[in-house]
Amino acid sequence: MSGSAAAAPVKVALIGCGAVSRLYYAPALETLRREGLAEVVALLDPDPRAVRHVSRHFRRASPVASVSDAGKAGAELAIVASPPRHHATQTIEAIGSGMGVLCEKPFATSTVDARRMIEAAAVAGRLLTVSLVRRFFPATRLIRSLLTTETLGPPLGFHCFEGGRFDWPVQSIDYFAPGGSGVLLDIGVHALDLLQGWFGGPEHVLYEDDAMGGVEVNCRVRLTFPGGVSGDLRLSRDWPRPNVYAIHCAKGRIEWPVNEAERVRVRFGGSPYDVDGRLILPAGAGSDQAIPAADFHRSFLDQLRNVIESVRGRERLAVPPEEALPSLATIERCYGHRRRMAMPWLGADESPRAATAASGP
Amino acid sequence: MSVGRVAVLGANGFIGARVVEMLHLGRGADVRPIVRSAASYAPLSRFALDGRVADGFDREALRRAFEGCDVVVHAIAGSPEVILGTLRPVYRAAGEAGVRRLIYLSSASVHGQAPRPGTDDDSPLDDRQPVEYNNAKVRAERTLRRLRAGGQVEIVILRPGIVLGPRSQWVTRFADALLAGRAYLVSGGSGVCNGLYVDNLVHAIRLAMSADAARVDGQALLLGDAETVTWRDLYEPIATFLGYDLARVPRVPPVSAAEWRTRQTGAPGVRRRLRGLLPERVRRTISAAIGPSRPPRRSPWDIRAGGGPEATLEMSLLHTCAYKLPHRKATRLLGYEPLVGFHEGCRRTSAWMSFAGYPAADECANEAARRSEAG
């Protein structure tokens with residue numbers, strides 16, 4: 001590869017111009033365009049208003065009618081940020097059109113689809129990865145390191161709560177259609193990816209949710225990992241409680257306030273105090289000016305940079321596509337053995353229909 | 001009388017969501033939840049229902065959402081502007097869509113938070129009360145009656161008291177305040193709580209859907225639970241669930257309407273209110289010119305604790321209420337009798353707190369012990 005070719009920005013197609021593209025990918029790609037790393041050349045969405053909104057960031061990008069048209073427009077990388085039910089089809093089509101793919105989470109709605117996507121990429125020799133931005137957070141990396149080194153002793157258990165009132169700016173209530181995105185397939189992907197990254201594959205999974213003919217709004221996953229580490233993951237689109245992942249270790253406790261990329265709280269032993277820490281990169285020799293660790297937005301950019309540099313062959317892909325499988329497999333286990341959450345406020349005349357609706361068609 | 005499809009406006013709110021849940025699961029009616037935005041539909045997506053998005057101010061969107069509905073339940077909550085501004089679009093859209101009856105959720109607070117002994121459904125209403133919410137509800141009822149006089153859609157106005165149960169702000173606000181160390185009781189919480197368990201309200205709504213028009217059209221009906229209970233009775237099980245001793249919750253004196261006005265119209269209050277009258281652009285310009293207002297600098301040696309809780313006027317009135325509102329008229333016209341007793345309602349509410357992730361007693365006790373050790 002010549003020096004000038006190496007410096008050429010990677011041509012990107014944005015497949016899906018909804019909220020995640022508008023709020024995250026478009027501004028991030030604009031930053032990378034200014035850095036000379038990426039150039040958005042194609043935009044695809046069935047809603048012309050969504051395309052127009054995102055195109056404000058990218059004057060040189062053309063609206064296209066299909067994924068293959070994005071390939072014809074010269075795109076080398078497709079970012080698939082459409083509704084999850086389209087991920088597999090569009091990813092495979094993008095690979096077939098000669099593009100590498102960064103697929104928004106959830107990677108697919110089933111492991112069968114996920115494996116088809118991985119196989120298509122392997123056969124075509126194209127890059128494929130999934131957006132798991134939390135892996136790039138300094139806080140989650142530090143937690144992994146604390147657990148691996150058993151700095152606070154061996155982990156014993158955990159309790160994670162994530163959610164609150166749903167405020168993602170979805171365009172239609174079809175977003176919640178059965179077979180679409182319930183809370184487990186949505187934020188559960190992130191949560192399970194982190195927990196499985198910290199503790200390994202779960203040995204036992206117990207799952208319950210409150211879906212009664214629709215999608216789950218609340219769910220609880222009871223996980224037991226190798227070594228006996230067990231705990232609850234509670235997800236909600238309904239009621240806000242403090243969003244915290246708490247991990248109990250033999251000599252203390254680690255807490256991560258959800259989505260605070262550069263913040264961790266630690267309790268040592270039985271101390272009455274917690275350390276509430278903002279993460280920094282140590283100052284260089286002779287300086288007392290520490291550098292703040294990456295926040296959410298910088299972490300998001302780090303993820304995109306890694307993908308761009310991988311397309312150019314200058315970096316190893318941080319999240320190989322196979323790593324999307326374990327959390328999806330756990331989600332399938334959950335849905336496959338789901339039980340109805342106890343809803344103790346229901347009256348005697350409601351419970352029978354709740355039970356019938358929960359058991360599905 | 002059989003009831004056709006029921007549209008529930010404000011279906012994602014505390015009351016609206018329970019109306020949808022009970023009607024759907026209890027086979028009370030074919031229900032159509034209506035919400036203001038797609039995102040706010042999330043809590044209702046547990047069910048496979050024919051939901052719609054329509055803003056309460058958007059008559060045309062409402063008309064489309066009401067098509068094919070027999071009854072509309074208006075459970076939109078919000079500011080006085082929302083309370084008053086949604087009535088005309090909703091009533092007219094209901095008329096255009098051929099809706100038979102509109103059930104409007106007003107509030108017992110049209111009679112004030114501490115009604116005079118002897119108050120009943122037909123007592124005269126005042127729209128110059130010190131609590132603006134009450135005035136908005138009084139005006140809403142008057143507006144609705146005027147609309148009925150010129151329209152075809154029947155109206156039934158329900159006036160629930162303090163609506164309790166899972167997700168009730170009267171439960172969660174107190175629980176959150178306890179956990180944050182901000183809870184208080186006015187006069188020991190010995191005042192009458194004119195409570196109504198949410199399922200009893202939905203039961204009344206169900207009755208109001210099918211009641212004979214000759215009996216209920218245009219009527220306003222107070223609704224309450226059977227038992228006479230105090231605020232202390234309401235708070236006790238919440239505190240017990242969380243492991244707190246209600247006896248240790250600070251007692252504060254009630255604030256009078258005059259004191260409250262003074263507190264609200266003190267110099268900063270006046271500035272705030274005047275500022276509120278200005279357009280946003282002018283406000284920003286002024287702020288940019290004079291800079292943000294800063295609190296007075298405090299000496300680092302000043303270690304006064306951050307002041308105890310102060311009662312609001314609303315809570316002062318509620319916690320000192322001396323009168324249990326009757327619901328005889330609802331019994332007479334609807335056949336309303338509460339289905340769920342107070343203690344059963346408290347039990348279900350505590351069980352929901354556990355479901356929602358509120359920390360149960362032992363967890364709270366451990367944290368409290370640590371904090372106390374830390375001084």
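**Ground rules**

Residues are numbered from 1 along each chain as its sequence is written, while chains are lettered from A and ligands numbered from 1 in the order in which they are written. Because the model is predicted, local features need pLDDT of at least 70 and side-chain atom pairs count only at pLDDT 80 or more, whereas totals for chains, interfaces and linings use all residues.

**Confidence**

pLDDT is the predictor's confidence in each residue, from 0 to 100. Chain A averages 93. In this chain, 97% of the residues score at least 70. Residues 1-5 of chain A stay under 50. For that stretch the model has one contact beyond four places in sequence. Two residues are in contact if their C-beta atoms, placed from the backbone, lie within 7 Å.

**Two domains in chain A**

Domain bounds come from an automatic or database domain assignment. Domain 1 of chain A covers 3-131. Domain 2 of chain A covers 135-295 + 325-340. Their C-alpha centres lie 27 Å apart. The contact between them takes twelve residues from domain 1 and 13 residues from domain 2. On the domain 1 side, six are nonpolar, four polar and two charged. Here Ala, Val, Leu, Ile, Met, Phe, Trp, Tyr, Cys and Pro count as nonpolar, Asp, Glu, Lys and Arg as charged, and the others, Gly among them, as polar.

Strands (E, at least two residues) and helices (H or I, at least four) are DSSP runs, numbered from the N terminus. Two strands pair if DSSP finds at least two bridges between them.

One open sheet has six strands in the order β3-β2-β1-β4-β5-β6, with parallel pairing. Its edge strands are β3 (62-63) and β6 (128-130), each pairing on one side only. Strand β5 has both faces covered: A:G100 and A:L102 on one side, A:V101 and A:C103 on the other, are all buried. A residue is buried if 20 or more other C-beta atoms lie within 10 Å of its own, exposed if 12 or fewer, and partly exposed in between, with C-beta atoms placed from the backbone.

Another open sheet has nine strands in the order β14-β13-β12-β11-β7-β10-β9-β8-β17, with mixed pairing. β14 (275-278) and β17 (339-340) each have a single partner strand, so one side of each lacks a neighbour in the sheet.

| Strand pair | Direction | Bridges | Facing residues |
|---|---|---|---|
| β12 (252-257) and β13 (263-268) | antiparallel | four bridges | A:I254 and A:V266 |

**A buried helix residue**

A:I92 lies in helix α5 (87-96) of chain A. A:I92 counts as buried because it has 20 C-beta neighbours inside 10 Å. Beyond four places in sequence, A:I92 touches A:R116, A:M117 and A:A120.

**The core**

A nonpolar core is a set of buried Ala, Val, Leu, Ile, Met, Phe, Trp, Tyr and Cys residues joined through C-beta atoms within 7 Å. The largest has 218 residues. Those touching the most other members include A:V12, A:L14 and B:V72. Helix α8 (183-199) of chain A gives the largest share, eleven residues. Each domain of chain A supplies at least three residues.

**Between the chains**

34 residues of chain A are in contact with 27 residues of chain B. The chain A side divides into 20 nonpolar, five polar and nine charged residues.
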